[in-house]
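Dear colleague,

I am passing on to you the structure we spoke about, with the sequence alongside it.

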Amino acid sequence: MAILETEHICKSFNHTEVLKDISFSLEKGQAVSIIGSSGSGKTTLLRCLNFLERPDRGVIRVGGNILFDSADPSTWQESAVRKKRLHFGLVFQSFNLFPQYTALENVMLAEELLASEQPDYKARKKEVHEEIRLHAESLLTQMGLENRMKNYPHQLSGGQQQRVAIARALALKPDILCFDEPTSALDPELTGEVLKVIKELAEQKTTMIIVTHEMAFARDVADHTIFMDEGAIIEQGDPLQVFENPKELRTKQFLSNIL
């Protein structure tokens with residue numbers, strides 16, 4: 001069974017159609033790369049999946065359960081949307097770390113806020129805090145930042161900040177990890193360290209959706225590639241097929257310009 005299924009997702013802003021009938025599925029442990037020109041709707045799609053934007057039409061399922069159905073307004077209730085976001089972890093282009101917190105505190109924050117809402121939190125506060133700290137330290141060590149945990153964002157390079165952001169996204173153990181151009185704000189020499197982490201996550205069969213302009217990375221790391229243009233999916237399939245033998249003329253034009 002697919003971990004994620006989208007059916008006929010549409011979204012418009014000011015009468016401009018940004019997403020046009022988007023349908024695709026994602027298997028557990030699969031990495032999907034989404035490529036296309038700027039303005040093709042890639043980021044809006046991620047925002048809809050993460051419930052940061054409400055689609056105008058369509059259905060979103062995770063694990064077979066309907067999280068959103070435009071035909072059923074009850075699936076977009078503010079009280080439920082926050083919980084539904086927990087199925088997804090989102091790594092932004094520009095890190096979005098809290099400058100007043102250390103790397104460790106940035107990773108711990110969301111998990112501590114979530115834990116504080118549990119009925120037994122007050123009785124177990126110290127124990128829960130210690131569990132969350134150990135989990136955050138483990139994630140930062142996995143990111144190669146074991147010596148940077150007490151540093152504040154301004155004391156970290158762009159690549160290090162993005163790795164903290166990845167650890168933060170992983171902290172709540174999402175079903176699906178989403179990346180929105182994770183290297184676009186980095187100097188070229190720092191791009192490799194972030195791509196290496198994402199590649200390692202793919203090798204560990206982390207379920208991921210990766211919006212990227214790094215074409216070689218999209219081809220070599222992903223299990224499935226989607227090419228979007230003007231808000232629509234033009235072509236999707238095995239990365240080698242899409243990159244080396246595209247079926248659609250628009251895909252061929254895009255790749256010839258990029259590659």
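The notes below go through a sheet, a hairpin, a helix and some charged side chains.

Please bear in mind throughout that this is a predicted model.

I begin with the open sheet, which has six strands in the order β6-β7-β8-β3-β9-β10 and mixed pairing. Strands β6 (88-91) and β10 (232-237) stand at its edges, and each has a single partner strand, so one side of each is left without a neighbour in the sheet. Averaged over the sheet, and with direction ignored, neighbouring strands are turned by 20° against each other. Within this sheet, strand β3 (residues 31-35) runs parallel to strand β9 (residues 224-229), and four bridges join the two; Ile-35 has Phe-227 in β9 as its bridge partner. Helix α6 (residues 188-203) packs on the sheet, where it touches both β7 (176-180) and β8 (208-211), and the direction of α6 makes about 150° with that of β8.

The strands β4 and β5 form a hairpin that has two residues between them, and Gly-63, which lies in the turn, has a positive phi of about 60°.

Turning to helix α1 (residues 42-49), six of its eight residues are buried, so the helix is largely enclosed by the rest of the structure. Just after α1, Phe-51 takes a positive phi of about 60°.

The last topic is the charged side chains. In general, side chains of opposite charge can pair when their charged atoms come close. In this model the count comes to twelve salt bridges, and a network of them links Asp-120, Arg-124, Glu-127 and Glu-131. One of the salt bridges is between the side chains of Arg-124 and Asp-120, at 3.9 Å from N to O, a value to be read against the cut-off, which asks for a nitrogen within 4 Å of a carboxyl oxygen. Arg-124 also meets Glu-127 in a salt bridge, at 3.1 Å from N to O. As for accessibility, Arg-124 is partly exposed with a relative accessible area of 27%, Asp-120 counts as partly exposed at 36%, and Glu-127 likewise counts as partly exposed at 43%.

A further salt bridge is formed by Glu-130 and Arg-133, whose closest N and O atoms are 2.4 Å apart. These two residues are three residues apart in helix α4 (residues 125-142), and are thus separated by about one helical turn. An α-helix has 3.6 residues a turn, so residues three or four places apart point the same way. Both partners are partly exposed, Glu-130 with a relative accessibility of 33% and Arg-133 with a relative accessible area of 23%.

With best wishes

Definitions and conventions
Residues are numbered from 1 along each chain as its sequence is written. This is a predicted model: local features need pLDDT of at least 70, side-chain atom pairs count only at pLDDT 80 or more; totals for chains, interfaces and linings use all residues. Side-chain values use heavy atoms; hydrogens and water are left out. Buried means under 20% relative accessible area, exposed over 50%, partly exposed in between (1.4 Å probe, protein chains only). Two strands pair if DSSP finds at least two bridges between them. Axes are lines fitted to C-alpha atoms, for helices over the stretch in contact, and angles run from 0 to 180 degrees between N-to-C directions. Contact means heavy atoms within 4.5 Å.
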